[in-house]
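Q: Could you walk me through this model before I set anything up with it?

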Amino acid sequence: MNLPAPAEAVPAIQGHFKGIAVVIDDQVHEENAIKVIVKAIEDGGGHVVKLQDLPADTADLENFTGAAFFILDWNLVELGEGVKAPEGFAAAEVNRKIEFLRRLREHRHAPVFIFTKENPETVRDALRPHADIFQDGTSNILIRQKGDVGENVYRVLNEWADQLPSVLALKSWERANDKAVNSVFKDLHDREHLWPVFMWKMFKDDELIPADELGRLITRLVASRMDSLAIDLDAFLDGLDAQFTANPDRYRASLMAVLEGERFLRKEKLDPDNFSTGDVFREVNSQTNEATYYLNLRAECDCIKRSGRDPGSMHLLRGREISTIKVDPEFGNVQEQDNEGIVFAMYEGKHVRFGFAKHLKVQAFNATYKANRIGRLLPPFLTRLLERYAAYSHRPGIPRVPSALLPAQTAVEGAGGVVCELPEQAVESANDAAAVGAVAPNGGNE
Amino acid sequence: MRDLQQLFKSTKQRRKDIRVVEVLEKVARLFKGMTDRARIAVSIQPLGDAPLVAKTTDAVLLQLFLNLFDNAVYWLETQPTNKVRKIDIVLDAEHQQLVFADNGPGISDDDLPYIFEPFYSGKGQDGRGLGLYIARQLLDRHDYRIDVAPKRDRVLPGANFLISFVEEAQ
């Protein structure tokens with residue numbers, strides 16, 4: 001991680017919206033209102049891709065992945081004065097735009113600026129039932145009357161983005177990421193233009209899936225070159241406090257959902273035919289309704305399908321949902337015994353305790369387990385759990401504390417179990433003899 | 001009510017000779033996404049060499065065909081998907097008329113007397129019952145006419161509308 005970029009990170013006119021704008025408007029070459037907007041973008045240094053209609057349903061929207069933002073005219077079909085769109089046609093037109101926004105989101109989560117000649121509330125009413133793409137005041141869609149924007153397009157966009165932490169985070173991360181990606185590829189290309197082939201051969205020689213490995217390598221190299229984001233969200237903190245005060249339950253639920261997004265990747269985002277370290281499976285007992293979780297601990301290199309060979313089995317650690325946890329008030333960490341790993345807010349707001357069993361369940365990634373997979377635990381939560389399990393499975397056996405030295409005092413419940421308070425006299429004697437031994441919280445070997 | 005107000009709003013467009021097929025093709029293009037998705041085959045067939053020309057405004061023809069297409073697509077979508085869905089439009093310049101037909105469920109005898117009445121719709125809650133009413137009112141203003149096509153002019157087994165561009169005697 002390098003030092004934060006200097007203030008030049010945000011250019012004067014374009015602000016967060018440096019790059020290519022895609023303008024979708026049937027009147028983009030004729031109507032004055034949109035021409036003023038296009039000119040303002042171009043004068044500001046941006047480039048505009050002009051489309052007179054939405055891309056076809058079958059169009060590959062990956063072609064839009066480089067766009068910084070989109071401008072969409074809500075009134076894409078001009079029927080002329082005195083002509084009204086019949087209800088079926090009007091509904092189909094709205095659906096067409098909603099489907100486009102939905103598809104676009106899968107490829108390019110960039111701000112979309114919707115202009116309308118109508119009352120913006122009409123557009124909001126049409127979008128509100130589709131909470132996956134639009135939520136008042138918090139989505140990446142801004143709706144304005146076309147005439148209200150004009151040459152102030154960048155100012156309006158930036159004022160809006162400044163109110164939305166998710167847009168700010170996206171735009172500042174994109175700038176840092178683009179810079180890092182460029183740096184990686186320029187650097188490696190300058191060393192040797194065949195660099196990807198060299199790496200490809202190495203991965204093949206190791207019988208790995210070269211495409212996967214190359215992707216991981218580039219991701220690591222990009223991450224190592226990322227600057228700190230040029231972003232400051234302190235201004236939003238008061239709003240967060242206000243939300244907590246207004247509705248604590250909703251606030252906690254939102255926070256849990258965000259925490260899950262930070263540490264857990266749901267199955268919809270995973271390759272259905274391959275498993276990996278960290279994959280989590282969930283079985284529900286139909287009688288007790290109790291859920292059992294399994295976490296795959298097997299090393300990543302053993303989870304890979306190599307040429308001509310099956311990837312082998314998974315090594316699963318069993319877990320259960322827990323409703324109460326102990327948290328260290330000073331550091332905010334979940335307190336765990338040596339023989340367990342607890343993942344806080346792992347899935348659907350539930351905490352899961354994985355017990356470090358002596359024997360792991362060896363299981364093929366069969367149809368049942370494909371169906372039961374709920375997602376994948378991500379680093380550093382996975383890394384921590386693996387390291388703790390490794391430490392547990394290789395723990396050295398040490399002698400127990402002689403019973404004659406155990407005090408009769410009251411045991412105090414602490415972080416790692418029962419902590420015994422030794423009599424002062426015994427400690428002093430031990431120090432004198434330079435023979436103080438470790439006290440295993442769980443009593444030695446187990 | 002806004003639809004009705006809009007209907008009687010004066011437009012600045014002046015009547016002129018318009019090739020009907022041009023407006024029809026424009027509306028067919030506007031509906032292409034809907035007709036493609038619903039797997040409806042649209043056929044526009046001019047009879048003879050001479051074009052069908054109407055003395056009216058673009059807005060009137062546009063509104064007329066928008067409403068007819070909208071109706072046809074709605075009713076065809078209620079049909080089983082395994083059935084071939086069709087909209088056929090036959091333009092007859094010699095008789096100054098046009099037949100707009102689909103092979104949907106057609107118009108029931110119960111509905112027949114009322115389909116050009118305002119707020120009468122066979123679509124239940126899906127319809128406001130203004131499409132055909134507006135179409136007839138607009139044509140009336142130009143002394144043209146829309147009716148359910150008589151048997152001899154029917155093109156397809158569903159709903160068939162005959163639009164006559166012969167100016168009726170005042």
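A: What follows is a short chat about confidence, a sheet, a helix pair and a chain contact.

Q: What is the average pLDDT of chain A?
A: This is a predicted model, in which local features need pLDDT of at least 70 and side-chain atom pairs count only at pLDDT 80 or more, while totals for chains, interfaces and linings use all residues. Residues are numbered from 1 along each chain as its sequence is written, and chains are lettered from A and ligands numbered from 1 in the order in which they are written. Chain A averages a pLDDT (the predictor's confidence in each residue, from 0 to 100) of 85, and 87% of its residues score at least 70.

Q: And where does pLDDT stay under 50 in chain A?
A: Residues 1-11 of chain A stay under 50, and the model gives them 15 contacts beyond four places in sequence, a contact being two residues whose C-beta atoms, placed from the backbone, lie within 7 Å. Residues 426-446 of chain A are also below 50, with 21 contacts beyond near neighbours in sequence. Where pLDDT is low, the predicted coordinates should not be read in detail.

Q: Switching to the sheet, what is the strand order in chain A?
A: The order is 2-1-3-4-5, in an open sheet of 5 strands with parallel pairing; strands (E, at least two residues) and helices (H or I, at least four) are DSSP runs numbered from the N terminus, and two strands pair if DSSP finds at least two bridges between them. Strand 2 (47-51) and strand 5 (141-145) of chain A are the edge strands, each pairing on one side only. Within the sheet, strand 1 (residues 20-24) and strand 3 (residues 67-73) of chain A pair over 5 bridges in the parallel sense, and Val23(A) has Ile71(A) as its bridge partner in strand 3.

Q: Which residues of helix 5 meet helix 7 in chain A?
A: From helix 5 of chain A, Asn177(A), Ala180(A), Val181(A), Ser183(A) and Val184(A) meet residues of helix 7 of chain A, namely Ile218(A), Leu221(A), Val222(A) and Arg225(A). By type, the residues of this contact divide into 6 nonpolar, 2 polar and 1 charged, where Ala, Val, Leu, Ile, Met, Phe, Trp, Tyr, Cys and Pro count as nonpolar, Asp, Glu, Lys and Arg as charged, and the others, Gly among them, as polar.

Q: Last topic: how many residues does each chain bring to the contact of chain A and chain B?
A: Chain B brings 19 residues and chain A brings 14. Helix 4 of chain B gives the most to the side of chain B that touches chain A, with 9 residues.
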